[in-house]
Amino acid sequence: MDVGFCLRSEAAGAMRTALMSAENLQLTLKAEPSQEERALTHTKRGPEETHKAGNEDLKEMLESNKESLKLEAMKRVVGLIAKGKNASELFPAVVKNVASKNIELKKLVYVYLVRYAEEQQDLALLSISTFQRALKEPNQFIRASALRVLSSIRVPIIVPIMMLAIKEAAADMSPYVRKTSAHAIQKLYSLDPDQKEQLIEVIEKLLKDKSTLVAGSVVVAFEEVCPDRIDLIHKNYRKLCNLLVDVEEWGQVVIISMLTRYARTQFTSPWKEGASFEENNEKAFYASDSEEKSERTEAEAYVMDPDHRLLLRNTKPLLQSRNTAVVMSVAQLYWHLAPRHEVNLVTKSLVRLLRSHREVQYIVLQNIATMSIQRKGMFEPYMKSFYVRSTDATHIKTLKLEILTNLANEANISTILREFQTYVKSQDKAFAAATIQAIGRCATNISEVTDTCLNGLVLLLSNRDETVVAESVVVIKKLLQTQPTQHSEIIKHMAKLFDNITVSMARASILWLMGEYCDRVPKIAPDVLRKMAKSFTAEEDIVKLQTVNLAAKLYLTNSKQTKLLTQYILNLGKYDQSYDIRDRTRFIRQLIVPNEKSGALNKYARRILLAPKPAPVLESAFKDRDRYQLGTLSHSLNSKASGYQELSDWPAVAPDQSVRNVEVVEPVQEWAPSVGKTKKLKSDDKFYSDNEEEKAEEESESSEGSSSSSSSSSGGGKMVADVYSRASFQVTAPSFGPVKTYELLHHMTGKGLSAKYHFPRQPCLHQPGMVAVQVTLSNGSDRSLEEIHVGDRSPASLNIHCFNTIERLEPEASVTVSMGIDFSDSTQAANFQLCTKEDGFSVSIQPAVGELLMPSSLSEQDFSREQGKLLGMNETSATVAMATANASSQAVKQRVLSVANVGEVPSGQDVAHSAPSISRRDVPPGPLVMKTLSSVLTTGSCRPSPRAPFIRDDGKRSRAET
Amino acid sequence: MIHSLFLINHSGDIFLEKHWKSVISRSVCDYFFEAKEKAAEPENVAPVLQTPHHYLITIYRGKLFFLSVVQTEAPPLFVIEFLHRVADIFQDYFGECSESVIKDNVVTVYELLEEMLDNGFPLATESNVLKEMIRPPTILRSVVNTLTGTWSNVGDTLPTGQLSNIPWRRAGVKYTNNEAYFDVIEEIDAIVDKSGTTVCAEIQGVIEACVRLTGMPDLTLSFMNPRLLDDVSFHPCVRFKRWESERALSFIPPDGNFTLMNYHVSSQNLVALPVYVKQSISFFDSGPCGRLDITVGPKQTMGKTVEALMVTIHMPKAVLSANLTATQGSYTYDLATKVLVWDIGKLNPQKLPNLKGSLSLQAGAPKPEDNPSLNIDLKIQQMAISGLKVSRLEMFGEKYKPFKGVKYLTKAGKFQVRT
């Protein structure tokens, strides 16, 4: 309370300052330029004299009375901003137009304001009051845009005003405004991180929002402000999973990546499962009861958390998204969360992305490269998709090469090598060099082809291109190291080529080879050393170092021939410019040339210099990239980007999963059965534990179906129906109670065609305003019926969404189709004709009031507030008879649900006072018209004895009258 | 997420900048220029660059660089996809996405960018929504604008699309002629090796739609042989569930032109290449010359004519000029880029087109190591090479009868012949 008060007074203070300076300015502006302005023009005059003149006439235009002139001026100002030129001196002239009636002018002023407010903080305050006024506008777009601009003005003094505005907007009726407030949270946070605590409160509130419009934006805010507050997600986890498909594509990306992180902290690893799990299960089946227990604990059979499964299932369809970022984020989710055998699902979609723009290819290939190291099998069937085309950009080519190398195995190596042969000849020399390295890697990894590769590489030594030859030498050197015995021929060949090779790395490699295997080429090596002694001074450092090495090794093995040469080289090295070489020379001299000072080490010189060296391991550059989450910037750069959120390891023991249970009725989802089952177990326990609290399980349970028993306490909770939000199109309603089926057409009257209908109590998919009706058509005749469709309707204005014409209905067959009917909130029957090819039958559907409703979830407070707003104009009452004997709250609920499609309000009230009441809004989610309908049951003190729920409907019509 | 955007032209001038958070100096682009300098071709600049304080993510489209600055971890594909979306929107609004067009419409561009991102997070990226808020320029309007300067860019109606559950469609669409046209376009990606064997070949398809229908039509497009489709991606308007159960596309379309779906034809089906190429390119050590002889002939065209046939060859740097004769069409050799283009046109199966002659090499330059590969372009009207057929289009929710039409087209995608 205190905080709130402070905030308000601060905000008021800031406002007052703003308003006061506004008044001042207006007063002074009329007469002559204000002091500030003069000061501005004065300081700016110096450097930009010519530029100034141009802005002078802009200022005149902005101050004129003509709208068109102002607009023209603003357009030119925006042009200046776009070019990055400074237009800040126009601030006073521009800011006056902030309240303009012309929308375009206003928008352009906003652009200007956001750009320069930070530099002109005092003057920017003048505009604040305009936005504050706009925040109260009835039009949601104006409210939203006011908040957008207000929060974009980076002026620290208005932080309290922003805070207030955000808090208000977060509770706005319009989801669009709430979305904007989620964006504003991040802006405020970056302006003033001290507001974190308060902002987290707003985030917490917005996370509960059911609108698909808000979901993405609030998760972005969450990631920015408090990514470590994973506890805020628990209660919203299932909702986010279920909304995901309907969230806009950008939001999907953020939500998926956040949920990936979340899942890694909440579920146990699915990766150690597999065959062992099923085996154990079977054993347990045959084992005796007593054994079973021990078996279980021992095997720790892995059962995937239903919530974990829910996430995987709900993200899967998004692999079909046109947005490459969405596909990539689903792929990384599967990579990090799915059981091993399911990861393959994403392969096809990733390969599809390779058809997209070059930049997309680049990122996707990077990720595939990382994946293909661990899981060859995933991409092997698509190997041909990674074949290089001459038109690819170099970085794409090298990535494809990387992947092909990763995929190589005994079976496909010949195909890959054939492909590589083409690449080596490429005109893109950098790429050809990369190919040679790739061949080297294949040769070391797959021993069958080592010789073939080596021969191929030796052939390349006669290539005319220098880089190709150099790269070949380097790779051959590495290969020879792995098996030097048989290859003295190759070493000789390379020695012959030595004179023609100028690339220093290659020269150095050959020298090293000579030294290392000097016993295999005893005649050539000293000769090479002789040549090197001649050219020593002209060589690169790396070659010089290897020459010194070669000299030392030869000195040890063949000192007769090379003693003088070695000394000569060591002397040259002693006076070299590079201290590295001087150091090395000094070291070598002490090591190999015996003198009185050198002592012990000298004896080991041979063992030191000619020690057997381990062969180098040629491995992928992508090997260590898997420490980063796939698809992230850090992964792409292979270095930790600022703000990167580490993906945690799976917990050994899953944290309590009940934290994700939600108190409010969730709409029916396809996952309900699996969830329900686990829940049932639990609630059974509690049934006997005479626990009086409202258990969260109860809600999920009721969504599954009414027949399941409930743990609910003896007093009824409140029941509320869900506001059928416009935006959450897919959100379906809870289907409670037994479905009542009505007859539409008897088969006697219908000449064999019979029809029944029921209300599935789900939002109509065709049009939000319609009531969904499911019609079951069956053919009771002995011939097939053709072209069953809906014919004329009465009244003619009746709005029906017909089912698709059924071409043919075989005898004894039946088909269920869904229709949407707009009853326009009345219980008037909808009459229409049901036609076959030959006949037409008039039928009518008479809705019960209860079926026109849609449930919505409200908190208790909201419920009472809405209830308070009811005017009582359109009251409908109905009596539900019930025997007092079985009047448990559960039974009451069942009865009520059987007559009306409503939801439940969780009630914290004491049993004795609680009156199960049902509220709802009307089916057509009309923009702002609120409709609430409540039913109040009078209950007895301990044993509720319902008599007459009376239903009040109130809304559009009554509003219209006032 | 996205902090700032800079538009940079081919020669490296920054001609537009936009900041969604605090202003970042344009000097940040210097890191990019450095990388651009190093890479010979603009295509070779790495899309993601790291600088001491920022990360630069760039796309290159239509000779323009769209450079975005990111300060913290963000999925790079997210940014790339968004930048491409921006370029698409420019294309959609102005007909092309080039420096001059963007400069001419700088105010509209700025208004668009303002609406597309809020605090660096995408806000409205659907062309239908944006067009309601900011009207695309028309000839009439630009005339009136120059004369009076009064006609506003900004729509006076507030967008409702953004709020509905079908944000891709604007409300209150009205047409006198209601029409729905679908173009099934398939592209053949193939690599053919020296001997004429197909190394790899696959078919990628796309269905482009042009729908101008009044009201809120609900369309269902079904195929004769949906089994052909192996992997698909959809416009957000398509209902996943219906596709999974019935293999039919059910959707409420956006207004105007849009891409309905992309698909990949399952690789089990062998791809019949429509043309074959006989080529021999050889360079000689003695004398600065090489010889070139290319013939193109039809292979599997199912009785349709192959049109717009074109062969493009990126010659080795050493090739100075070409002296060739073409029996059909004409050829050009660009000395600067070393690209030989042979524009053949219609393929006549009776008289196969042939390009023959000599190439002269730079004096003193060594003979090129490798023969250049040929890129083939072609078009076949009225045929989808995979055999995919649309069986019908049904419309619900509206009473009028629309004009419907489906067009098939086969094109060469990345069709390469190695030599």
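# Exercises on a two-chain model

The contact draws 96 residues from chain A and 98 residues from chain B. The model is predicted. Work through each task with the structure open.

## Exercise 1: The interface

**Task.** State how much area chain A and chain B bury between them, and find which residues of chain A lose the most area to chain B.

**Solution.** 
Step 1. Interface size is often given as the accessible area lost when the parts come together.
Step 2. Apply it. Chain A and chain B bury about 8600 Å² between them. Carbon and sulfur atoms account for 54% of that area.
Step 3. Look for the main contributors in chain A. Trp250(A), Arg322(A) and Arg355(A) lose the most area to chain B. Together they make up 10% of what that side buries.

## Exercise 2: Polar links across the interface

**Task.** Count the salt bridges and polar contacts between the chains, then describe the side of chain A that touches chain B.

**Solution.** 
Step 1. Count the salt bridges. There are twelve between chain A and chain B.
Step 2. Inspect one of them. Glu249(A) pairs with Arg85(B), and the closest N and O atoms are 2.7 Å apart. The cut-off for a salt bridge is 4 Å, so this pair qualifies.
Step 3. Count the polar contacts. Between the chains, 40 residue pairs are in polar contact, both residues at pLDDT 80 or more.
Step 4. Find the leading element. Helix H4 (residues 67–83) of chain A gives the most to the side touching chain B, with eight residues.
Step 5. Sort that side of chain A by class. It has 33 nonpolar, 35 polar and 28 charged residues.

## Exercise 3: The two chains

**Solution.** 

## Exercise 4: Arg660(A)

**Task.** Is Arg660(A) buried or exposed, and which side chains does its own side chain meet in polar contact?

**Solution.** 
Step 1. Locate the residue. Arg660(A) sits in the loop between helix H37 (633–637) and helix H38 (672–688) of chain A.
Step 2. Check burial. Arg660(A) counts as buried because its relative accessibility is 0%, and the cut-off is under 20%.
Step 3. Find the partners. The Arg660(A) side chain makes polar contacts with the side chains of Tyr262(A) (3.3 Å) and Asp305(A) (3.3 Å).
Step 4. Widen the view. Beyond four places in sequence, Arg660(A) touches residues including His234(A), Lys235(A), Phe267(A) and Asp307(A).

## Exercise 5: Thr295(B)

**Task.** Why does Thr295(B) count as buried, and what does its side chain contact?

**Solution.** 
Step 1. Locate the residue. Thr295(B) lies in strand S15 (residues 289–298) of chain B.
Step 2. Apply the cut-off. Relative accessibility is 17%. Buried means under 20%, so Thr295(B) counts as buried.
Step 3. Find the polar partner. The Thr295(B) side chain makes a polar contact with the side chain of Asn354(B) at 3.0 Å.

How values were computed: Residues numbered from 1 in each chain as written. Chains lettered and ligands numbered in written order. Predicted model: local features only at pLDDT ≥ 70, side-chain atom pairs only at ≥ 80, totals over all residues. Heavy atoms only, no water. Contact = heavy atoms within 4.5 Å. Buried area = accessible area lost by both parts, 1.4 Å probe. Salt bridge = Lys/Arg side-chain N within 4 Å of Asp/Glu carboxyl O. Polar contact = N/O pair within 3.5 Å; in protein donor to acceptor, adjacent residues only side chain to side chain. Helix = DSSP H or I, 4+ residues; strand = E, 2+ residues; numbered from the N terminus. Nonpolar A, V, L, I, M, F, W, Y, C, P; charged D, E, K, R; others polar. Buried < 20%, exposed > 50% of the residue type's maximum accessible area, 1.4 Å probe, protein only.
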